[in-house]
Amino acid sequence: MVPLRKKPRIMPSILSADFANLQTAIEKVPSSDAIHVDVMDNHFVPNLTLGLPVVESLREATDKILDIHLMIEQPDRWAPAYAEVGAESVTFHIEATAAPVRLARELRSLGARAAMALKPTTPIEPYEDLLPELDMVLIMTVEPGFGSQSFLDLCLPKIARTRAMLDKVGGDIWLQIDGGVSVETIERCAAAGVDSFVAGSSVFGATDPDAMVGKLRELAAAAT
Ligand code: DX5
Ligand code: ZN
């Protein structure tokens with residue numbers, strides 16, 4: 001029997017919003033399940049966005065769940081501060097992390113959900129034993145660094161394998177994807193077992209961003 005999963009979560013990425021008006025951008029997606037915030041340091045990825053001071057201001061500006069995606073070097077050193085300022089979820093890239101067990105435990109002890117991200121060609125298999133230490137796994141479906149890139153279908157088998165591993169572990173570990181999520185791609189990802197979807201350009205590029213959040217959720221739910 002296929003296990004029943006909860007309602008899909010749609011998490012708009014403000015990378016595709018107007019950086020001079022982030023509060024307004026967040027207010028455009030009231031029905032979203034979280035706000036995805038991309039922190040890039042121009043070292044782990046070839047792009048530079050925002051950091052802790054902006055996240056602190058976003059914390060003041062909204063009660064929505066803040067889902068922080070750290071595309072930075074040395075997350076062991078920097079990630080806990082995002083939990084300390086009140087972000088509910090903090091995601092580190094495994095490729096950049098020196099001590100993932102210690103970091104995940106530290107994030108959880110600070111009250112945040114601990115999440116691990118994998119670039120498109122980073123395998124999940126070496127991290128199976130780490131899964132019980134996590135609250136979410138993020139599988140990148142584009143090379144991290146920029147919005148508006150094309151979805152990489154080559155990630156789908158890894159998504160399905162990760163879903164199977166998470167079902168084996170049990171509990172409530174979310175499976176998130178990020179990159180190229182749209183009305184064209186969301187159904188096959190939901191069918192492969194994704195429950196949490198980051199969407200940047202498809203949401204903030206839409207005439208009615210909140211209606212797009214609803215549309216994406218509906219398509220994912222029907223395909224799950
Ligand atoms: C890219 C970022 C994404 C980005 C996705 O590295 O992590 O969160 O905003 O943008 P879209 O949805 O346009 O592919
Ligand atoms: Zn992201």
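User: To begin with Asp178: is this residue buried or exposed, and what is its relative accessible area?

Analyst: Burial is read from relative accessible area: under 20% is buried, over 50% exposed, and in between partly exposed (1.4 Å probe, protein chains only). Asp178 has a relative accessible area of 9%, so it is buried. As to conventions, this is a predicted model, in which local features need pLDDT of at least 70 and side-chain atom pairs count only at pLDDT 80 or more, while totals for chains, interfaces and linings use all residues. Residues are numbered from 1 along each chain as its sequence is written, chains are lettered from A and ligands numbered from 1 in the order in which they are written, and side-chain values use heavy atoms, with hydrogens and water left out.

User: Which residues are the protein donors of the zinc ion (ligand 2)?

Analyst: Donors are N, O and S atoms within 2.8 Å of the metal (3.2 Å for Na, K and Ca); water is not among the atoms, so sites may look incomplete. Here the protein donors are His36 (NE2), Asp38 (OD), His69 (ND1) and Asp178 (OD), at 2.0 to 2.3 Å from the zinc ion (ligand 2). Along the sequence, the donor residues follow the spacing H-x1-D-x30-H-x108-D. Distant parts of the chain are linked by the pair of His69, in strand E3 (residues 66-71), and Asp178, in strand E7, which are 109 residues apart. Strands (E, at least two residues) and helices (H or I, at least four) are DSSP runs, numbered from the N terminus. His69 counts as buried because its relative accessibility is 0%.

User: What is the geometry of the site of the zinc ion (ligand 2)?

Analyst: Ideal angles for six octahedral donors are 90 or 180 degrees. Six donors count as octahedral if opposite donors are over 155 degrees apart and all others between 65 and 115. The site of the zinc ion (ligand 2) has 6 donor atoms with angles of 71 to 171° among them, and is octahedral.

User: How many residues of strand E2 (residues 35-40) are buried?

Analyst: In strand E2, 6 of the 6 residues are buried, so the strand is largely enclosed by the rest of the structure.

User: Which strand is joined to E2, and in what sense do the two run?

Analyst: Two strands pair if DSSP finds at least two bridges between them. E2 and E3 run parallel and are joined by 6 bridges; Asp67 in E3 is the bridge partner of His36. The two strands and helix H2 (residues 52-61) make a right-handed β-α-β unit. A crossover is right-handed if, with the strands pointing away from the viewer, the path from the first strand over the helix to the second runs clockwise.

User: With which side chain does the side chain of Gln176 make a polar contact?

Analyst: A polar contact is a pair of N or O atoms within 3.5 Å; within protein, one must be able to donate a hydrogen and the other to accept it, and residues adjacent in sequence count only if both atoms are side-chain atoms. The side chain of Gln176 makes such a contact, of 2.9 Å, with that of Asp67. Gln176 is placed in strand E7 and counts as buried, because its relative accessibility is 0%. Contact in general means heavy atoms within 4.5 Å. Beyond its neighbours within four places in sequence, Gln176 is in contact with residues including Met11, His36, Ser196 and Val198.

User: Which strands pair with E8?

Analyst: E8 pairs with strand E1 (residues 9-12) in the parallel sense over 4 bridges, and Met11 stands opposite Val198 in E8. Strand E7 (residues 174-178) also runs parallel to E8, with 3 bridges joining the two; there, Ile177 stands opposite Phe197. Strand E8 (residues 196-199) points Ser196 and Val198 one way and Phe197 and Ala199 the other, and all are buried. E7, helix H6 (residues 186-191) and E8 form a right-handed β-α-β unit.

User: Where is Ser13 placed, and which side chain is joined to it by a polar contact?

Analyst: Ser13 is in the loop between E1 and helix H1 (22-27), and is buried, with a relative accessible area of 4%. Its side chain and that of Asp38 are joined by a polar contact of 2.7 Å. Among the residues in contact with Ser13, leaving aside neighbours within four places in sequence, are His36, Val198 and Phe204.

Conventions. Tetrahedral: all angles 85-135°; square planar, octahedral: opposite > 155°, others 65-115°.
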